[in-house]
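Here are a few notes from my pass through the model. Have a look at the structure first, then read on.

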Amino acid sequence: MAFKQIINGGALLNTFKSKLPLKNSKKLLAFLAVFVLLGTNVLMAQTAATTDAAKPGVNWFSVGYYVLMFILLAVSVAVVGKIIKVYDLSQQIQGKKGVQWNNIMGIICLIFLVVGMIGAYWEFTVQGSMTLPEAASKHGIKIDAMFLTTTIITMIVFVITQILLFVFLFRYRYSDKRRAYFLPHNNTIEKVWTIIPAVVLTILVIFGFFTWQEVENSADVKGQPASINIDITGHQFAWELRYSGPDGILGKKDFRLTAGANKLGIDFKDKNSMDDLQADTLVLPVNKTIRLNIFAQDVIHSVYMPHFRVQQNAVPGLPTFFKFTPTITTEEMRRKVEDPKFEYLLYCNKICGSSHYNMQKVVRVVTEGEYNQWIARQKPYLTPALRTELKLAAADQKKSITQNRLALNN
Amino acid sequence: MSTLSVHDHGVAHHEEGHEHHHDTFLTKYVFSQDHKMIAKQFLITGITMAVIAMLLSILFRIQLAYPDKAFPLLETLLGRFAPEGRLDPEFYLSLVTIHGTIMVFFVLTAGLSGTFSNLLIPLQVGARDMASPFINMLSYWFFLTACVIMLSSFFIQKGPAGPGWTIYPPLSALPTAMKGSGLGMTLWLISMVCFVASSLMGGINYVSTVLNMRTKGMDLWKMPLTIWAFFLTAILGVLSFPVLVAGVVLLIFDRSFGTSFYLSDIVVNGQVMPFEGGSPILFQHLFWFLGHPEVYIVIMPAMGISSEVMSVNSRKPIFGYHAMVYSLIGITVLSFIVWGHHMFITGMNPFLGGVFMITTLIIAVPSAVKTFNWLATLWRGNIRFTPAMLFAIGMVSFFISGGLTGIFLGNAALDINLHDTYFVVAHFHLVMGSAAIFGMLAGVYHWFPKMFGKMMDEKLGYLHFWLTFIGAYLVFFPMHFMGLDGVPRRYYAFTEFASMQRWLSVNMFITWAAIMSACAQVAFLYNFIHSIFWGKKATQNPWQANTLEWTTPVEHIHGNWPGEIPSVYRWPYDYSKPGAEEDYILQTTPLSQTMSSNLPHDFEDNPAGLEALNTWTSTQKANEQVK
């Protein structure tokens, strides 16, 4: 009796199996068509409406459309799930094996591997070509060489390990005819794969260490002309530049002197300050060593010039600097990247407040002749207005200088 | 000696348990001191926080994909934070900050360690409960308080904290610098102090339970890798979290009492501030002294869980158990001396940068060993694709992909150009974000039967896995290339830079991939909640695993085991041992009952046992010869 019922049940399920998917998929298609039509209509209406209304209200139709789409998706997932379940049960009742999930997952793993590798390759070719052009500074070339070495090594490891991972998953998927191979450890192979990464990393560390020391090396080489000193000061949300005048020396600064027109707190008691120049664009002569002295007034900013592989945080109370030599003029780079509007940029790369995303300065690398012409046109910080302002504030300034203190940072 | 006394304690506790079985709702579900209930509390709070943080990320992803578009719905939902349907730039930064804070601390530290350390430490070492159930309860309540305070900052005038989850001063110290440095920041700091208190109470409990309350026979080298991972994670937390509190307290002083620990030479809007002599770099040192161990606090439990799950579902012992433990210990020790790699370009002495680069790249060695051991565990296994297994595999895949980019960032010279770009975002979201959350999900699917006595639906688990796995790669893989183009993180919009506008289409793609992954989580949430109430009843040992937790009854009881706590005789990874009847042998099975499968290796420090094995094998041989 019970046996008969099971057989009946099986038959019932079978009929279900043959009818259910068809019916459902038809219904689903119809629903889908209706919703898509309705949705596009509603969306069209919205774009039309926004043009005449000054302030658009919430388009609840559109919201409802997306919500309904999601519900529909969830329902169709549920329906597909039920169909699979019914199929599985009916197979089992007929005495066959049900859905072999282990096999299916193994195959999906393999598909994922192949499609994933193709996708990764596609990204490397398409998006890889959208990355920064060649380094426009001396040390940048070394960094790029290091980057290339590291990329090659890591990509080899990436490809091999991911292939092993997913191929093993497919190859050793569950089978009730087999038992796993009991292998608790193997000291030789463990030593091998400890030592190999250690050696590779040692090589990377050594190269990295020396490149890093070289990049950060602060001393001017003897016999070579001293680097050009430029002060850059970050504040919310702009950069201020200060070039030295004909004397080639930048005057002292003290944050307590910041007031009115003296927005950088330049100490005009120091006569080196008298001829210091202000500028709007960071203009640099090509193939000259530049020393950017980096300051911040309010919060931490970061001087980031990706084309030159230059970055250094600007920290209030802790003056920092970065020394580099630009090697490609803006004109040359425009030709290289085939973009006549190309500009080198300096921008902030440390979260600093609401306009962090728009704190940039144009950097222009020019020939030495152009640089000399340009710098001759720049105006000094000590404007007549500031001069009168400072005469009044002379007493204050004296006081503060006697209190001058050592920087306690680090 | 210690095991003996603990054993007695356990029995006493158990007898006590029989006397009062009249739990009220309040003592059973709310102020519970039972580790299994506390684990569930941590898990459900963690999942709730994860969903909230995920929704926040979808909000800012929409902003990044459509910087020029207005969404009136956002104004309806967020009010003044999204005037005219466009996110306020400062609120964008708040979203980024709170997303990071919640995910790192509330989900992947408390949600992961809190859940699984609480659930598994007593169950897998064979203890009746935690060393201090009361402190354990307090740990949860401090955590919940921290969550509530953190979320409450969305309901104040100026909005939540906004200077990034790393809250670098002076931005976080000067309320005039941004809206998010006002009251929202104060709430953030209070919340974090509560959180650290919670995490310390949890950590001390985990360490003392593992050290003192193991059952008879459970020596350290017989502990499952999960326990090793939780144990070392707890040590890391106990040693590093107090440093964060120190940093936070000094920041509170700077913010509220006019001190200058982190502040010096500051001029805000032309106004000279009186701060002198402090150093913002000091905060970064204090923060990253926690911050770097923190990322290992996040990933090590995921590693432990994945190791266990992969071993069970490959029906194979974990390859190189000792190497796995030593690499965990290596990571633990090294993680304390690498924090400076977050600060290569902050103005820290470049020589120190060089030193930190060396230590950082050393830490890649134990990580590589772990990866290879996982691969070797799969080799010639008999792999059952449970959802837990898939998530553990996903964890390994992410760990490889994200770990390799760490070699770029750990190199100070390369970090110059990659620091704070999307390359970093891609790196840590893969290696500690996705990998850790996959470890956590593997744990949820694997131990759900132990937690709720029900099974989760496998097919929905498959759907959840593949959508999330593919989605996470689609979201984070393209970000590497944005980083290589010098696109900075935490930018509200890329519209101001002509050079960044070509990444807009990629951003749209990423956002839609993120939305797809977020929708996939509905499958998980439905599965999770539905299975708690209406799931299939679980059997005692549904995965045929060896560890102690599967010897407890399905129905939870105080004290875990109805009779005596079982003794342990072998390591937890005797899967598919040749000669054994089944393909698994419980840790509680004495070697004397499995003569046919014993190996000389099992008797390394047990000469008597080895002799018994030799006599047994020789008699077997003799018998065969007689035949």
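**Notes on the two chains**

1. In chain A, 68% of the contacts with a separation of 6 or more are between residues 24 or more positions apart; a contact here means C-beta atoms, placed from the backbone, within 7 Å. Bear in mind that this is a predicted model, where local features need pLDDT of at least 70, side-chain atom pairs count only at pLDDT 80 or more, and totals for chains, interfaces and linings use all residues. Residues are numbered from 1 along each chain as its sequence is written, with chains lettered from A and ligands numbered from 1 in the order in which they are written.

2. Chain A has nine helices and eleven strands (DSSP runs numbered from the N terminus: H or I, at least four residues, for helices; E, at least two, for strands). Of its 410 residues, 28% are buried, meaning 20 or more other C-beta atoms within 10 Å of their own.

3. On to the interface: 107 residues of chain B touch 97 of chain A. Helix H13 (residues 387-409) of chain B gives the largest share of chain B's side, nine residues.

4. Within chain B, helix H9 (residues 280-314) packs on helix H12 (residues 364-378) at about 15°, axes 9 Å apart; axes are lines fitted to C-alpha atoms over the stretch in contact, and angles run from 0 to 180 degrees between N-to-C directions. That makes H9(B) roughly parallel to H12(B) (angles under 35 degrees).

5. Who meets whom there? B:Met303, B:Met310, B:Ser311 and B:Ser314 in H9(B) meet B:Lys370, B:Trp374, B:Thr377 and B:Leu378 in H12(B).

Definitions and conventions
Two residues are in contact if their C-beta atoms, placed from the backbone, lie within 7 Å. Angles under 35 degrees count as roughly parallel, over 145 as roughly antiparallel, 65 to 115 as roughly perpendicular and the rest as oblique. A residue is buried if 20 or more other C-beta atoms lie within 10 Å of its own, exposed if 12 or fewer, and partly exposed in between; C-beta atoms are placed from the backbone.
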